[in-house]
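Me: Please take a close look at one part of this model, the contact between the two chains. Keep it brisk, and give the cut-offs as you go.

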Amino acid sequence: MNHKLEAADLTLFRGERCLFAGIGFALAHGAVLALKGANGSGKTSLLRALAGLIDLEEGTIKWDGRPVLEDPQQFRSQFVWYGHRTGFKQDLTPLENLKFDAMLRPQRDASPRDVLCSVGLEKQMELPMRQLSAGQQRRAALARMLIADVPLWLMDEPFTNLDVAGREFVEATLGTHLTRGGMAIIATHQALSLSVPVDELVIQ
Amino acid sequence: MPGMITAFVATTQRELLLSLRRPGDMLNPLVFFLMVSTLFPLAIGPDNETLKEIGPGVTWVAALLAMLLSLNSLFMSDYEDGSLEQLLLSGQPLPVIGLGKTLAHWLVTGLPLVIVAPIVAVTYRLPNEVIVVMMMTLLLGTISLSLLGAIGAALTVGIHRGTALLSLLVLPLSMPLLIFGARTVALAAGNEVYSAGIFFLAAYAVGALTLAPFATAAALRISNE
């Protein structure tokens with residue numbers, strides 16, 4: 001199914017300070033939106049607001065033409081979040097973490113082991129997360145995106161702590177996701193090199 | 001998409017697995033409970049009548065404090081490693097996930113207190129029938145405390161050193177439990193009718209079970225703004 005995300009007039013205050021006002025965009029299937037802006041400009045806040053973690057001052061977000069606030073839980077099962085922190089328990093192994101994650105949203109027909117192998121963690125999947133390097137932990141978090149069967153990826157600084165190979169891997173998986181008809185919103189300072197054109201939204 | 005029951009069971013299992021990996025967190029409240037409640041008889045002396053009189057109250061206070069001690073960590077590690085974000089943004093209903101976590105918390109903190117309560121009761125020379133009543137009140141009381149505590153823990157999760165605030169939030173709500181719990185055991189020890197207290201504690205537990213998960217979910221969303 002072809003999904004569609006539209007946002008209009010987004011306005012967000014943090015305390016007295018206005019982070020952004022009147023921001024809008026539309027995202028169709030197979031498209032990617034890069035959120036740009038200086039540090040502290042509100043990229044992460046915008047992404048969190050889109051996910052529903054922060055309440056917007058004003059503005060509407062529509063998923064397939066319906067405001068997401070009408071059924072936030074249904075909307076939450078349409079995306080997967082890739083944040084600053086991995087969201088995996090340090091005391092559990094990547095495999096255990098990924099198996100738990102499978103309960104949280106619709107899943108692809110792939111085994112967690114295969115997905116962890118595909119992100120390059122075949123030797124580490126049975127080790128506790130705390131024994132993995134920061135980059136390896138990011139790779140484990142990436143496995144969550146790969147196994148989820150959802151149209152929308154929300155990514156906050158996805159290239160942090162990744163080596164060149166890791167970065168290329170993220171871009172390759174993003175490419176696959178987009179050609180499948182998925183969509184992504186990415187907050188990043190870095191230029192994305194993807195096979196599809198990248199829309200940019202600059203937050204002042 | 002997996003159903004609610006699957007999500008509930010998976011959450012509980014994950015929490016239990018995490019407790020197994022860190023047994024210290026599980027033992028802390030239990031050791032605290034045992035220490036406080038067995039030190040009292042040593043300090044007060046071996047007078048049977050006095051011990052019988054203070055036994056129910058002291059045990060209940062120790063149990064309440066032990067539960068409070070363990071609440072702070074309920075959502076803390078999830079908040080710090082970002083997995084709370086993932087839970088908040090999942091397609092599963094948050095009250096169900098919160099209830100799963102609360103059940104696991106009760107299984108590793110509340111239930112052990114109920115199980116060791118007879119050992120404590122013996123040091124206060126309480127007779128066997130009274131020990132049964134004490135276990136029953138603690139069973140119902142700790143369920144309510146876990147559920148109430150989850151609300152407080154969810155509200156204070158983003159706050160650095162929120163323990164004092166957490167106690168301040170949870171203690172007033174748990175006063176009825178302490179009063180009825182301790183008094184019920186005292187009545188049983190005095191060979192009086194005590195069933196009303198049990199009914200009250202059961203009603204409180206059912207009420208908490210019905211309402212607390214929703215309050216916990218709402219609190220988690222607020223503190224993650």
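Reply: The contact takes 29 residues from chain A and 31 residues from chain B, where contact means heavy atoms within 4.5 Å. About 2,800 Å² is buried between chain A and chain B, and carbon and sulfur atoms give 53% of that area. Buried area is the accessible area (1.4 Å probe) that two parts lose on being put together, summed over both. A:R85, A:K89 and A:F100 supply 24% of the area that chain A buries against chain B, more than any other three residues.

This is a predicted model, so local features need pLDDT of at least 70, side-chain atom pairs count only at pLDDT 80 or more, and totals for chains, interfaces and linings use all residues. Residues are numbered from 1 along each chain as its sequence is written, chains are lettered from A and ligands numbered from 1 in the order in which they are written, and side-chain values use heavy atoms, with hydrogens and water left out.

Chain A and chain B share 6 salt bridges. The term requires a side-chain nitrogen of Lys or Arg within 4 Å of a carboxyl oxygen of Asp or Glu. One salt bridge joins the side chains of A:R85 and B:E85, at 3.2 Å from N to O.

Which elements of chain A touch chain B with at least two residues each? They are α1 (43–51), α2 (72–76), β6 (79–82) and α3 (94–101). Helices (H or I, at least four residues) and strands (E, at least two) are DSSP runs, numbered from the N terminus. The touching side of chain A divides into 12 nonpolar, 6 polar and 11 charged residues. Here Ala, Val, Leu, Ile, Met, Phe, Trp, Tyr, Cys and Pro count as nonpolar, Asp, Glu, Lys and Arg as charged, and the others, Gly among them, as polar.

A:R108 and A:D149 meet in a salt bridge through their side chains (3.5 Å, N to O). A:R108 lies in the loop between α3 and α4 (112–118) of chain A and A:D149 in the loop between α5 (134–147) and β7 (152–156), so the pair ties together parts 41 residues apart in sequence.
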